[in-house]
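Have the structure open as you read.

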Amino acid sequence: MNREAQEEELKPAQIVLAFFVMDQYYVYIIYSELIDKFYVGQTGDVDKRLLFHNDSQRNNIWTKRGIPWVLKKAIPFNSRTEALKAEKFIKSQKSRKVILAIIQNGYNK
């Protein structure tokens, strides 16, 4: 099939839609009342990640001891790089006060 035939198969709306579809990444903050701790992470699928943290069979990280975890905040980013930078910044603060402020007021770096 030649190039002109290929271009004719795609409608302009399809081209525009394909151009603007972007992956979304999130920094999420979850809380465990059981151990009174927050956990900050990043993911492309917040619901799936929360299920992992609350799955005692699959979860082999320290969050296993805090089940059940509750989602307190999910902050969207346009790239994984941006989400990783934000996650690193929040964790570097080592501050419950900062986490509570982000939950209440959002993330503004």
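## How helix 3 starts

Let's begin at the start of helix 3, where a side-chain oxygen of Asp45 comes to within 3.3 Å of the backbone nitrogen of Asp47. Helices (H or I, at least four residues) and strands (E, at least two) are DSSP runs, numbered from the N terminus.

Some housekeeping: this is a predicted model, where local features need pLDDT of at least 70 and side-chain atom pairs count only at pLDDT 80 or more, while totals for chains, interfaces and linings use all residues. Residues are numbered from 1 along each chain as its sequence is written, and side-chain values use heavy atoms, leaving out hydrogens and water.

Helix 3 covers residues 46–53, and Val46, Phe52 and His53 are buried in it (under 20% relative accessible area; exposed is over 50%, partly exposed in between, with a 1.4 Å probe and protein chains only). They span an arc of only 120° around the axis, so they sit on the same side of helix 3; the arc is taken from the directions from the helix axis to the C-beta atoms.

What do these buried residues pack against? Their partners are strand 1 (25–32), strand 2 (37–43) and strand 3 (69–77), with contact meaning heavy atoms within 4.5 Å.

## Ring pairs

There are six aromatic pairs in the structure (rings of Phe, Tyr and Trp, using its six-membered ring, with centres within 6.5 Å; planes under 30 degrees apart are stacked, over 60 edge-to-face, the rest tilted). Tyr31 and Phe38 make a tilted pair, because their centres are 4.8 Å apart and their planes at 45°. Both Tyr31 and Phe38 are buried.

Trp62 and Trp69 pair edge-to-face, at 6.0 Å centre to centre and 80° between the planes. Trp62 is partly exposed at 37% relative accessibility, whereas Trp69 is buried at 4%. Ring pairs also join Tyr28, Tyr39, Trp62 and Trp69 into a cluster.

## The nonpolar cores

The largest nonpolar core has 13 residues, and Val27, Phe77, Ile90 and Tyr107 have the most contacts inside it. Such a core is a set of buried Ala, Val, Leu, Ile, Met, Phe, Trp, Tyr and Cys residues joined through side-chain atoms within 4.5 Å. A second, separate core of five residues includes Tyr28, Ile30, Tyr39 and Val46.

Terms used: Polar contact = N/O pair within 3.5 Å; in protein donor to acceptor, adjacent residues only side chain to side chain.
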